[in-house]
Amino acid sequence: MSRNNGNKAQANCQCIAVPAVNGADKRLTDQIHQNGSWLRTARRIMAISCSLLLLSGCWSRREIEDLNFTVAAAIDLGHAVKQEQEFEKKDADYPRERRLVLTYQMAKPEQSSGQEASGNKKKYRNVSLSGDSIYQISREISLKESKPIFGQHYKALVIGSELAKQMNFREVLDFFMREQEFRPSCLVYVSKGTGQEILDTNTSGEIPALRLLGISDNHYRTNRLLKPMSLTNLQDKLNSMTSFLLQNVVTANEELKLSGASVISGKTGKQLGYLNEEDMEAVNWVLGGAKGGIVKSKDNATGQISAYEITNVKSHITPHVENGRISYDVRVESDGRLGEQMSGGNDFDNKFLKRLEADTEKRIKELVTKLLNKLQKEYRADVLRFGDKLRIAYPRLWEQEKENWDETFSTAVIRYDVKVTIREYGTSNMRERQSEAQS
């Protein structure tokens, strides 16, 4: 084919590739453009609407000035509150049995938002009401307070000692476990007096609930504190019907102190008695996990005091079953430092250090022996979770024993061994090295 013929064919092809647009096609094209423009407009409207929803804020918001921020509650055995007696005289009362007294502790926003309290002015206020239903009492406050109770900042729940002895914890705490606005992470304590007096202390202008929370965090400094018990964990204990411990709190001269623990029966849900501060030391030795604390012992050779500071504690509890009889071996190991010694011994003398370690181990064994006698003979309650070890190692036997486990625990043989190692000597070690270097 010649070059001219090829160019003609190419020109013909180009003419065919671009057809003419008639009137109907143009109207269709305009309609498509209009539809596309409408869709784009619709998308913009939807995007703006969604943005407005996101920028509208919290639909269920409540202004902070319109709320009573409740940071703690206390429950005690019933009695007529003084203010309620005055209302009764004026026939402003509702018929009810006074089985319980509920005390709310509410923070004052103007005092807790950074402003200093003047003098002994309290940064909180308490409101106490009595009745036979905690739910009803919680609503009774609506007749006296213009602002609703806001319970999502609860820090502490304090149970009075007489109430703990006479009423089942499952009954007492039922309302708090069901109430949606009550914070389940709040910590539970037992007062050695009334819960109301614990919430009415005024130490250095602090809010008692926040002070309790702060003291409970001092595990790295002492081994006389119980691991904090939240309302959620307490519910698990009650549902499993196993005995457990709750931290005690005591007040004297406007001061708060966490001292000892209450033994709560898994069967009855009531308080059986108390463990003192020495017992709490033993509890933490058996359970292990302590990161701080002091063991004070006396040097048999000199009669002088030495103090061993705990840096860690590991506990291994091994159950055994022989001829149907249950026993345990408890192995406790601890590393620490020599915090103080008054005997004048040489920290670099291995014999001297071994003697201090042996004195410390002897003291720990004395504490554990006293604790086990109290739990097995006096209270007959397993609050040290020995039952959990049996359940894991011997599940079939546990199914037979779990209904009356506290009784079985009281007759179990428990053997224990303690190994203490002094790893550090404090700054006296540095001074000794310096004196040696200078000489």
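I began with the lining of the largest cavity in this predicted model, and sorting that lining by class gave me eight nonpolar, two polar and one charged residues. I then wrote down the residues themselves: Leu187, Val188 and Tyr189, then Ser216, then the run Leu225, Leu226, Lys227, Pro228 and Met229, and lastly Gln247 and Leu258. When I looked up which element gives the most to this lining, I found strand β6, residues 187-191, with three residues. For the volume of the largest cavity I noted about 60 Å³, and I recorded that the structure holds four cavities of 30 Å³ or more.

Of the contributions to the pocket lining, I noted that the largest share, five residues, comes from α11.

My last entry concerns the classes in the lining of the largest pocket, where I recorded 16 nonpolar, 15 polar and 14 charged residues. I set this beside my opening entry on the largest cavity, whose lining has eight nonpolar residues, two polar ones and one charged one.

Definitions and conventions. Residues are numbered from 1 along each chain as its sequence is written. This is a predicted model: local features need pLDDT of at least 70, side-chain atom pairs count only at pLDDT 80 or more; totals for chains, interfaces and linings use all residues. Side-chain values use heavy atoms; hydrogens and water are left out. Helices (H or I, at least four residues) and strands (E, at least two) are DSSP runs, numbered from the N terminus. Ala, Val, Leu, Ile, Met, Phe, Trp, Tyr, Cys and Pro count as nonpolar, Asp, Glu, Lys and Arg as charged, and the others, Gly among them, as polar. On a 1 Å grid over the protein atoms alone, a cavity is a set of points where a 1.4 Å probe fits but cannot get out, and a pocket is an open set with protein on both sides within 12 Å along at least five of seven lines; lining residues have an atom within 4 Å of a point. Grid points are joined across faces, edges and corners, and a volume is the space filled by probe spheres set on the points.
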